[in-house]
Amino acid sequence: MLTEKEYNDFWETERPHGFGNPGIVSKPPYREYVLNEINLADYLDLFTGKQTYERIDGNVTIGTERFQVGDYPWTQTELNGAKSRCIKSISLAEASPPASAQMSFYNLFHERSEHFTTQVSGYEIKSGIKRDQLLALANAGFLLLDLFPFPISFTYALRESLNLLGVTDFFYGGNDNQASFSARIQDLRGKGILCSDVVGAHCPPLSTHYHLAGEIDSGVLPV
């Protein structure tokens, strides 16, 4: 997880190694990023078999900050099921806009994510509470990762400028970028939770999707 300084630096650093403090949208609160990362870590626990973030009265403490995330969702029996799970399919998307949109993929209290609805229907998972549906997605070996650390609104003009100035490429596979998609894949591989035949797909906004597909097809970016 990025520190608040690292998060701010990625927003303010000139492109292509950061967002260059764009005026089109405001910088999302660091807190939104942390909440997304905690929820993602909870989901990945189903593959590692270990709880990453301990709770005290539904709160996770990171540094001196407390984050209200609710009770830990998984039982020990469900964590033990990690022995028979591995990640088979990884979709690359974008973090949802701030929590007021109620669309975060891994947040148990957010029910409106279009990506989530699509994946649940795609895997023919029965309707029900989101916790059980996430468990079913984990059992199917599915993982969704965000391209950028910033939960920003889906602004076409910003996406186009990020593509043209190399920012999208940097956050996909940039060297020495711990927040890049490629770096996160390597981290998962190091944890031994990827299937040997894992496959990937892109599902961010179309302008970003087509850009990445073109860069990968031309050999500029790794698969």
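## Reading a predicted model through its terms

Modeller: Gly219 is found in the segment after α9, and the whole model in which we place this residue is a predicted one.

Biologist: Why does Gly219 count as exposed?

Modeller: Its relative accessibility is 56%, and the word exposed is used for values over 50%, so Gly219 counts as exposed. The C-alpha atom of Gly219 is separated by 21 Å from that of Ala179, a residue 40 places away along the chain.

Biologist: What makes Tyr210 buried or exposed?

Modeller: Tyr210, which has its place in helix α9, residues 206-217, has a relative accessible area of 56%. Because that value is over the cut-off of 50%, Tyr210 is called exposed. Between Tyr210 and Phe170 there are 40 residues of sequence and, from C-alpha to C-alpha, 16 Å of space.

Biologist: Why is His17 called partly exposed?

Modeller: His17 lies in the loop between α1 (4-12) and α2, and its relative accessibility is 46%. Once residues up to four places away in sequence are set aside, His17 touches Phe10 and Phe170.

Biologist: How do you know whether Asn39 is buried or exposed?

Modeller: The relative accessible area of Asn39, a residue found in helix α2, is 9%. Buried means under 20%, and therefore Asn39 is buried. Apart from neighbours within four places in sequence, Asn39 is in contact with Tyr106 and Asn107.

Biologist: What makes α2 largely enclosed by the rest of the structure?

Modeller: The count of buried residues answers that, because 17 of the 19 residues of α2 are buried, and the helix is therefore largely enclosed.

Biologist: Which residues touch the most other members of the largest nonpolar core?

Modeller: That core has 60 residues, and those touching the most other members are Phe19, Tyr43, Ile87, Leu137, Leu143, Phe171 and Leu188. Helix α2 gives the largest share of this core, eleven residues. The contacts of Leu143, leaving aside neighbours within four places in sequence, include Leu40, Tyr43, Leu44, Ile87 and Leu188. In soluble globular proteins, nonpolar side chains tend to be buried together.

Biologist: What makes up the lining of the largest pocket?

Modeller: By class, the lining has 15 nonpolar, four polar and seven charged residues. It has 26 residues in total, and Met1, Glu37, Arg184, Asp187 and Lys191 lie nearest the centre of the pocket. The elements that give two or more residues to the lining are α2 (30-48), β4 (142-146) and α8 (181-190), and the largest share, eight residues, comes from α2.

Biologist: How much space lies in the largest pocket?

Modeller: About 540 Å³ of space lies in the largest pocket.

Conventions:
Residues are numbered from 1 along each chain as its sequence is written. This is a predicted model: local features need pLDDT of at least 70, side-chain atom pairs count only at pLDDT 80 or more; totals for chains, interfaces and linings use all residues. Side-chain values use heavy atoms; hydrogens and water are left out. On a 1 Å grid over the protein atoms alone, a cavity is a set of points where a 1.4 Å probe fits but cannot get out, and a pocket is an open set with protein on both sides within 12 Å along at least five of seven lines; lining residues have an atom within 4 Å of a point. Grid points are joined across faces, edges and corners, and a volume is the space filled by probe spheres set on the points. Helices (H or I, at least four residues) and strands (E, at least two) are DSSP runs, numbered from the N terminus. Ala, Val, Leu, Ile, Met, Phe, Trp, Tyr, Cys and Pro count as nonpolar, Asp, Glu, Lys and Arg as charged, and the others, Gly among them, as polar. Buried means under 20% relative accessible area, exposed over 50%, partly exposed in between (1.4 Å probe, protein chains only). Contact means heavy atoms within 4.5 Å. A nonpolar core is a set of buried Ala, Val, Leu, Ile, Met, Phe, Trp, Tyr and Cys residues joined through side-chain atoms within 4.5 Å.
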